[in-house]
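Good morning, and thank you for joining this meeting.

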Amino acid sequence: MARGPEELLAFLAELGFVVVTHRHPPVFTVEEAAVHTAHLPGGHTKNLFLEDRSGGLWLVSCLDRQTVKVNALARLLGAPRVSFGSAERLRQALGVEPGSVTPFALINDEAHRVRPVWDSKMLALPLLNFHPLVNTMTTAITPADLRRFAAATGHVPIELDLDATLSA
């Protein structure tokens, strides 16, 4: 059974992280999120769940205004052609619904099937905002704690400048 936001926040507390979580109406797009979270400090993000032709799964996290050319990203990662993963695959792999994609969902990827990809520009900010497994809340975390979270779940993110997809 996939863990929910309460279990995630308890896990973050066990790791000693100090995070701040805000509740808001459900949001499904960057534009909808901005209406309810633009006033919050830190970088606002978007997350893409991708699947490559050979069944590899990828979770791309970047700032909300970052343009990502998916085919160019596939070439950079050395992955066969990628496309957006289905809602069913998302539920199976990360235990979240569309609109709630987040690196925090790595807590539910006990099989380590999903490869996280994080934009280096996002990681240069002092604070980042992500959904804590549901799209009715936003949780702020430092990049250092985000890296420690990934390590605690057994994941090693690929960090790269996603602007490289714009010229590839």
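Let me begin with a definition: a helix is here a DSSP run of H or I with at least four residues, and helices are numbered from the N terminus. Please bear in mind that this is a predicted model.

With that term in place, consider helix H3, residues 70–77. Directly after H3 comes Gly-78, and its phi is positive, near 70°. Which residues of H3 are buried? They are Val-70, Ala-72, Leu-73, Ala-74 and Leu-77. Some of this spacing recalls a general rule: an α-helix has 3.6 residues a turn, so residues three or four places apart point the same way. The buried residues of H3 pack against strands S2 (43–52), S3 (57–63), S4 (82–84), S5 (114–119) and S8 (158–160), and also against helix H7 (164–167).

I turn now to the nonpolar cores. The largest one has 27 residues, and the members that touch the most others are Phe-49, Leu-94, Phe-104, Val-114, Leu-146 and Phe-149. Two or more residues of this core come from each of helix H1 (5–14), S3, helix H4 (87–94), S5, helix H5 (120–123), strand S6 (128–130) and helix H6 (143–152). Another core, of 15 residues, lies apart from it and includes Leu-48, Leu-50, Val-60 and Leu-77. Leu-77 is also one of the buried residues of H3.

Next, the aromatic rings. The structure holds 3 aromatic pairs. Phe-104 sits in the loop between H4 and S5, and Phe-130 in strand S6, 26 residues apart. Both Phe-104 and Phe-130 are buried.

Why does Phe-149 count as buried? Its relative accessibility is 0%, and buried means under 20%, so Phe-149 falls within that class. Phe-104 is likewise buried, with a relative accessible area of 0%.

Beyond its sequence neighbours within four places, Phe-149 is in contact with Leu-8, Phe-11, Leu-12, Leu-15, Phe-17, Pro-103, Phe-104, Leu-106 and Ile-107. Finally, ring pairs link Phe-11, Phe-104, Phe-130 and Phe-149 into a cluster.

Key: Residues are numbered from 1 along each chain as its sequence is written. This is a predicted model: local features need pLDDT of at least 70, side-chain atom pairs count only at pLDDT 80 or more; totals for chains, interfaces and linings use all residues. Side-chain values use heavy atoms; hydrogens and water are left out. Buried means under 20% relative accessible area, exposed over 50%, partly exposed in between (1.4 Å probe, protein chains only). Contact means heavy atoms within 4.5 Å. A nonpolar core is a set of buried Ala, Val, Leu, Ile, Met, Phe, Trp, Tyr and Cys residues joined through side-chain atoms within 4.5 Å. Rings of Phe, Tyr and Trp (its six-membered ring) pair if their centres lie within 6.5 Å; planes under 30 degrees apart count as stacked, over 60 as edge-to-face and the rest as tilted.
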